[in-house]
Amino acid sequence: MSGWHDIRAGVAGQRDRLIESLQRPDERQLQRLLQVVERNRDTEFGRRHGFAGVRSIRDFQQQVPLRNYEDCRADIKRMMAGEDNILVTDDVLLFETTGGSTGGSKYLPFTGSFLAAVRNAILPWLDDLITSRPAIAEGTAYWAISPALRQPQKTQGGVPIGLASDAAYFGADLAASIVETLAVPASVASLESFDAWQSETLRHLSTSRDLSFISVWSPTFLLQLLDAAPEPIEWPVLDTISCWCSSTSERYAAELQRRFPGVHIQGKGLLATEGVVTIPLAGADAPVLAVDSGFYEFEAENGDVALPWELETGCSYNVVMTTDAGLYRYRIGDRVRVAGWVEASPCLEFIGRAGADSDLCGEKLSSQFVEEALGDLPGFAYLVPLSEPRPAYLLVVDAAASPLQAQSLADDADHRLMRNPQYRYARDMGQLAAIEALPMENPIGIYKDICRDAGQVLGDIKPVSITSVAWGERLRRRVEF
């Protein structure tokens, strides 16, 4: 297809460029950091934190503390109102949303230089993918990137919320070529009804006998589509499916492999809303650090902070990023394990969200946010994530509530959690079932019993708003549901 031909030409040499950077991550990371600092030295943030005097990584670390979203919220709120030169000198093209804590949503600025940094990772990935899996270029492709059903919005300052088109990630020249490969027209994503979106998507996919490549985020997204098809869909030339394969997505990626035994399942790298952390490369032990796309630090459990070339194989870290979009030493909330090395740079396996978060299929529920959603429920109540028979949450409540009252509480919790855009998307797309109530006699007693059986000291057991999947399986062994 001409689209794939143009894509191949457009990304040629990008993998080699990345490999050169992976050979000298210390030099490349310092360059990237100083580029960001120099560009934004005269912003309010840059002046407050002495960017003009930063000449080294150590200077930067001494001037800027580790930060969370709450540390950025006030500045970002001003940017959303239309104020300039707060965190970045570049114009803010748009804000994207991702799951937050107490506020439900986090708004993150996107700039032109930030999107260019994203392309520094996407283009090498495409170059490597086409080179290692040439059969994908012999047919059509299904790209499922952004949420369907999202309505256009703007901030109070008139800045768009959400990318108008996912083509912006690839750049204008490459986007036109990608459109030529689509098995499902891009216009389908703008349908306002979920049923209409699903019906049209399945109509196109069911007739795409030449589909050779699928790119989705959560494997449950694709599984849900397949299960909704009136008849089994076959793609005789399908070569590769790109999706999340680690952490809570592992079992669902395995299900895709079972359904498509001859197809290559490529694990996606870690591309958070905050920026690209890793990308997959053929032959690597795990996705490799995107050293050209940001400045990265890694926080160990004891609080020590390491640079990419200082990481230890087998150890786990929380990711800290500095980006071209005004996030400085920002904890993105994702945790990775060092699985190996490409040249002098680490391969990082995503192992889950940092802290007590739940992420069955991309919904990113933090314990703090869930606690706010459940805070005024009567008695001892908490959410239990279940991965089987399909991703879902149970709301455990005291059996003193009638079944009707208990389910009303569950429906209310479901509604409140919709303030998290990822949760709403997973529910809208059918990846997550609606919350069901589980009335229990003495729920807090059973909770403590299970915690004790897991080795916790009774005095150390704290009530929680949301448990882990493993905890839910232990509950299932005690209570039928």
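Aspartate 334 sits in strand 16 (residues 330–342), where strands are DSSP runs of E of at least two residues and helices are DSSP runs of H or I of at least four, both numbered from the N terminus. This is a predicted model, so to speak of local features a pLDDT of at least 70 is needed, side-chain atom pairs count only at pLDDT 80 or more, and totals for chains, interfaces and linings use all residues. Residues are numbered from 1 along each chain as its sequence is written, and side-chain values use heavy atoms, with hydrogens and water left out.

**Around Asp334 and Leu270**

- Aspartate 334 counts as buried because its relative accessibility is 3%; buried means under 20% relative accessible area, exposed over 50%, and partly exposed in between, with a 1.4 Å probe and protein chains only.
- Leaving out neighbours within four places in sequence, aspartate 334 is in contact with Leu270, Ala272, Tyr317, Asn318, Val319, Phe350, Gly352, Arg353 and Ala354; contact here means heavy atoms within 4.5 Å.
- Beyond four places in sequence, leucine 270 touches Gly275, Val276, Val277, Thr278, Asp334, Val336 and Phe350.
- Leucine 270 and phenylalanine 350 are 80 residues apart along the chain, yet their C-alpha atoms are separated by 6.9 Å.

- An open sheet of 4 strands runs in the order 3-6-7-8, with parallel pairing; two strands pair if DSSP finds at least two bridges between them.
- Strand 3 (140–143) and strand 8 (264–267) are at the edges with a single partner strand each, so one side of each has no neighbour in the sheet.
- Neighbouring strands here are turned by 15° against each other on average, direction ignored; axes are lines fitted to C-alpha atoms, for helices over the stretch in contact, and angles run from 0 to 180 degrees between N-to-C directions.
- Strand 6 (residues 211–215) pairs with strand 7 (residues 240–243) in the parallel sense over 3 bridges.
- Phenylalanine 213 stands opposite threonine 240 in strand 7.

**Helices 10 and 11**

- Helix 10 (residues 194–206) and helix 11 (residues 219–228) have axes that come within 10 Å and cross at roughly 80°.
- That makes the two helices roughly perpendicular to each other; the cut-offs are under 35 degrees for roughly parallel, over 145 for roughly antiparallel, 65 to 115 for roughly perpendicular, and oblique for the rest.
- Helix 10 brings Phe194, Trp197, Gln198, Thr201, Leu202 and Leu205 to the contact, while helix 11 brings Phe221, Gln224, Leu225 and Ala228.
- Sorted by type, the residues of this contact are 7 nonpolar, 3 polar and no charged; Ala, Val, Leu, Ile, Met, Phe, Trp, Tyr, Cys and Pro count as nonpolar, Asp, Glu, Lys and Arg as charged, and the others, Gly among them, as polar.
- Leucine 222 also belongs to helix 11, and at 1% relative accessibility leucine 222 counts as buried.
- Leaving aside neighbours within four places in sequence, leucine 222 is in contact with Ile214, Val216, Ile241 and Leu256.

- A second open sheet has 3 strands in the order 20-21-22, with mixed pairing.
- Strand 20 (382–386) and strand 22 (436–440) are the edge strands, and each pairs on one side only.
- From one strand to the next, the twist averages 35°.
- Strand 21 (residues 392–398) and strand 22 run parallel, joined by 5 bridges, and valine 397 stands opposite proline 439 in strand 22.
- Helix 17 (residues 469–478) lies across strand 20, strand 21 and strand 22, at about 95° to strand 20.

**Aromatic pairs**

- There are 16 aromatic pairs; rings of Phe, Tyr and Trp (its six-membered ring) pair if their centres lie within 6.5 Å, and planes under 30 degrees apart count as stacked, over 60 as edge-to-face and the rest as tilted.
- Phenylalanine 60 and phenylalanine 295 make an edge-to-face pair, 6.1 Å centre to centre with 85° between the planes.
- Phenylalanine 60 is in helix 5 (residues 57–63) and phenylalanine 295 in strand 13 (residues 295–299), so this pair ties together parts 235 residues apart in sequence.
- Both phenylalanine 60 and phenylalanine 295 are buried.
- Phenylalanine 110 and phenylalanine 114 form a tilted pair, 4.7 Å centre to centre and 50° between the planes.
- Ring pairs also link Trp4, Trp125, Trp143, Phe170 and Phe213 into a cluster.
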